[in-house]
Number of protein chains: 4
Amino acid sequence: MDVISYRPEPGEFAWTFGGVSPVRKVKPGDVLELWTEDCFAGKVRTPDDLVSRVIDFPFVNPQTGPFYVEGAEPGDTLAIHFISIEPARDWAASTTVLLFGALTSTAHTPTLQDPLPEIVWIYEVDRAKRTLTMHGARGEYSVELPLDPMHGTVGVAPASFEARSSLVPDAHGGNMDTPEMRAGVTCYLGVNVEGALFSIGDGHYRQGEGESCGVAVEGAMDSVIAIELIKGVATAWPRLESDDYIMSTGSARPLEDAFRIAHADLVGWLASDYGFDPLDAYQLVTQIAESPVANVCDPNYTFIAKAAKRYLPQGDPYRGARAKLRELSKTYSGSS
Amino acid sequence: MDVISYRPEPGEFAWTFGGVSPVRKVKPGDVLELWTEDCFAGKVRTPDDLVSRVIDFPFVNPQTGPFYVEGAEPGDTLAIHFISIEPARDWAASTTVLLFGALTSTAHTPTLQDPLPEIVWIYEVDRAKRTLTMHGARGEYSVELPLDPMHGTVGVAPASFEARSSLVPDAHGGNMDTPEMRAGVTCYLGVNVEGALFSIGDGHYRQGEGESCGVAVEGAMDSVIAIELIKGVATAWPRLESDDYIMSTGSARPLEDAFRIAHADLVGWLASDYGFDPLDAYQLVTQIAESPVANVCDPNYTFIAKAAKRYLPQGDPYRGARAKLRELSKTYSGSS
Amino acid sequence: MDVISYRPEPGEFAWTFGGVSPVRKVKPGDVLELWTEDCFAGKVRTPDDLVSRVIDFPFVNPQTGPFYVEGAEPGDTLAIHFISIEPARDWAASTTVLLFGALTSTAHTPTLQDPLPEIVWIYEVDRAKRTLTMHGARGEYSVELPLDPMHGTVGVAPASFEARSSLVPDAHGGNMDTPEMRAGVTCYLGVNVEGALFSIGDGHYRQGEGESCGVAVEGAMDSVIAIELIKGVATAWPRLESDDYIMSTGSARPLEDAFRIAHADLVGWLASDYGFDPLDAYQLVTQIAESPVANVCDPNYTFIAKAAKRYLPQGDPYRGARAKLRELSKTYSGSS
Amino acid sequence: MDVISYRPEPGEFAWTFGGVSPVRKVKPGDVLELWTEDCFAGKVRTPDDLVSRVIDFPFVNPQTGPFYVEGAEPGDTLAIHFISIEPARDWAASTTVLLFGALTSTAHTPTLQDPLPEIVWIYEVDRAKRTLTMHGARGEYSVELPLDPMHGTVGVAPASFEARSSLVPDAHGGNMDTPEMRAGVTCYLGVNVEGALFSIGDGHYRQGEGESCGVAVEGAMDSVIAIELIKGVATAWPRLESDDYIMSTGSARPLEDAFRIAHADLVGWLASDYGFDPLDAYQLVTQIAESPVANVCDPNYTFIAKAAKRYLPQGDPYRGARAKLRELSKTYSGSS
């Protein structure tokens, strides 16, 4: 097991998936200790740091990577296992962004109304207590919320020679913004180009479902991931696996299409890897699915479709990749 | 506390919200013991009972009611508290329905493709163990799932002189098909006509989020509800309250509009009843919302937006109606 | 040929399709001379008549009718032929309406932004010149536009025991707001209840495609229609026919579903009445369709799909109903 | 006036906008004589050439270009004027494509149904008569349709370091598939990268509105365009101008968002270049817009919003660029 530590210099971030040269070569079985900057490139630190003032578009949502995975070829699947995702700062930021979010008109759902004002909320993080504190920016209100760290953005270079902004979620992963992307979870991504060229970023110290205002509790992260490659197995849309669930994702507009993609993929997964007839799988999904919405603010909206393993027959998706990754995780944790 | 027991005769069901004469008069503070038929009017009992054969449209999704609530006037809010929701049979049914469901083309999302086949799944219910058993209709597979009884359809007569099919969810409630409509929950509905004219039906012994194939585990129910009226308080979209959560609903297409309605309503609720500035409420909702999708198959899709009470300041929504209803519930349970 | 003249008294309007008693009985072959009030019930007459002040919801979009058509039964088709549609006043009104329209947030696409201001535009009508004149309400601008009178709302009682607000377009017709509903056009509507119970209203002196702000140039109308009944021929969604085109409609959200309904119906119409294989029809529609969007502001959005008759083989849709109606039109025009 | 003739070699096509090196440098005032291949790279020539057999994805929709425009910088606008668009072959092809089109489920609107069959239609082109002939592939039917040549795909390199498949329409233009992109029309595109890097392709010998089956009458083209650059004038979404109309475009999902983008842009254009108050412009657009839907099949759907110049005050959009381009057109036509 090789352990690779990497903290990008300010000029080393990627702002797209695809179209960027790799920062490192890694191989299946490696463990990576990575630092990721927050989605504002660390520039929103006080209530006066309005996004319209401090951010120079398109330099938003910096990604750590991309990493070239040796042996990865189109048609394979890359598995990224999150060993740990830990806040790298004792503060975090959220904000409204002009014409961005679920409860405002936007550039893609334009109206003739005035935009909402820009407001910044700075959160205090207590890593020992595993909490963060929100203070009202406009009224007297404070609340302590549990830390629930996750990565909003995880992806590979897209297919069809495309390069996509790190703000976009799609079949290549990217900015899915799902609270399910926690430590302990394995993310499966279809490989579209040689080397896969994966990146991660956009740490959230916590996030509600749907990410209504478009911005979670954004913070830099220290994350440890392990990498595995499943040769010759394709993955159409990103999938996740935890100890208790298999999960499909879909990213599209309108939101019902994201739902359809995730749930049709889950039905297909049950059919291909768990022995189900597709219509029996459709019935089971209808009665057991847990379907947390991820984001309703990004260029595509994202849905997750979860099936609890306790209701499923024995399956071996991705040829035991997750078992191997959990072994790596144990070995790493024992040694560190 | 008056307890009213009512089991509709075959000819007494309502098939719409609005446009129907009341079956009983009730008053705030009453407890109702109701029996509800399943959405198929009890006609799908074996694998051969295909919907296209046994159902005579529009006689689908029969409702128990409507009930005329004394004193209820437009601009008031009706609170329906679910004291208990219990399966009335030891079997239940699910099925695919031609051109209905999230993963098929439909009458409103038509394509030129052939429809999926009609298949019936009959579930066995073990009320002692609180489980139900699914058997694959096409492959060898059986699984025991927990009972989680709920009502898919709860509503009042709509505004604007409308009458709506019991298949439709909208601002008057109706066929929201949310698993959150469980025993212990209070449902708030805006009153649009004198007497409110509420009905309930469409019991589900359990249901996954989104109700993908369009049909949950459908069964007759024995349900006990308590009624309260909040005079002079309007409710734009149905709301729910449990011990731990306040919840807003939205029903619309596309699905992002259902999300928007529910989350904008939750922001507004926090502002009006919990003292929040609207933009602070928007921020809090962004970070704490739990947002289970209810259905992605009905004429309108339905989303729920939940805020955990543990993160909220003291509030007194609906003038303590829920406390009164829980008292009624205790009195009833003590006496029965 | 019986000619029936009817001008509703103030208290005689219908505000829904369905749920209303007929004002007159008519029979196939009758000609009706009708007066229709504007969508504001004539209450917006000056720049100070803001909708929020003068309209008492839901008393908006009054309909002339309903008319009971002798012999009409579910499964039949009612044909309404527009012999003439003429402005009944020398002025007309348009306005923004709070939280209504395509370029604002609305009750069903809510945001947290402030609404647009309410502004009224009063148009002058020159019936001799066939023009109307718009003056800027906020800036110096005047323009003369051609009169192009049409009915925004034409429909029958809906199926499934429903009653729908006159603001809603759906399978029963209703508030489709298409500029194609002009004099010379025949509208086919599926009959859902005995007597069909059709109404018309919502005259527009002209309207752009999509009706962006939600309100056309609204005015009272003197309209003459002829009625025909096609027994035993069902119509799923309203269809139109002119000398040059057959047209299908679809009303739904999101807008692509309205498009799908209209175009799938047109493909089906070519297959059933013009001898096409469905996939050849799909190909032809792809290359010749003219597809004017009707409204993008009502509770359902409406699309029209048109096929030019010059590209079609001989067909006899609706058993020559249009030929009979044109004869009636000629007879009426000759006699009046 | 420099005239540049360019016919790409088989290996010289671009398959994306962005991420590709230019094939030529050109300058404002140049005229380009270009040959474009059809969207199938010329591989669908007979009824047996099913897309699933002959196309090697992602090598579909080849673009002629990109061209580097000297002096073009982000924040400028590139004007492409279509002097002529002429069929380069005497045949053309259309086809159904598996899981692509408006009246089928697709990869982004998945269902569990079987796909429609693949069928090819080969059209005969009569350039002298200006017609093309369709023959039914499944039934006896032939029809002569007028030629109406246009380019489905016109665009520049996108912003945010993105590269987008030539199948995608968005703010950079691309695969808008609008029948309005005819000879005589000027297309304005915002410049996002140095040199603009524009390409064109995807000739359609004709196309219905919405391009229902996803494939127009596809053919190679000989096109002549003139280029102009408007320094320091930004363009957010592609715009078109003809002798009679100014036109805005919007590309998004759901379709109502494409409508909103196009119509909000048109309102903004009237305000910025024609002196309108925005709400007066909203009113005018409501009454005069012609709003042809372009495509309802591509990764984003596209709408056009047109305002007839005869209703507008004098305006000088883009500093008279179109007048210059028409001069170039005349000079070129006189000399050739």
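The legends below describe close-up views of a predicted model. Residues are numbered from 1 along each chain as its sequence is written, while chains are lettered from A and ligands numbered from 1 in the order in which they are written. Because the model is predicted, local features need pLDDT of at least 70 and side-chain atom pairs count only at pLDDT 80 or more, whereas totals for chains, interfaces and linings use all residues.

View 1. A residue is buried if 20 or more other C-beta atoms, placed from the backbone, lie within 10 Å of its own, and strands are DSSP runs (E) of at least two residues, numbered from the N terminus.

**View 2. The strands that pair with β11(A).** Strand β16(A), residues 198-206, pairs with β11(A) in the antiparallel sense over five bridges, pairing being assigned if DSSP finds at least two bridges between two strands. Within β16(A), Gly201(A) is the bridge partner of Thr153(A). Strand β14(A), residues 173-174, also runs antiparallel to β11(A) and is joined to it by two bridges, with Gly174(A) as the bridge partner of Val154(A).

**View 3. Chains B and D.** A rotation of 180 degrees, with 0.0 Å of shift along its axis, superposes chain B on chain D with an RMSD of 0.0 Å, by least squares on the C-alpha atoms of residues with pLDDT of at least 70 in both. The two copies are thus related as by a two-fold rotation axis. Nine residues of chain B are in contact with nine residues of chain D, contact requiring C-beta atoms, placed from the backbone, within 7 Å.

Methods. Helices (H or I, at least four residues) and strands (E, at least two) are DSSP runs, numbered from the N terminus. Two residues are in contact if their C-beta atoms, placed from the backbone, lie within 7 Å.
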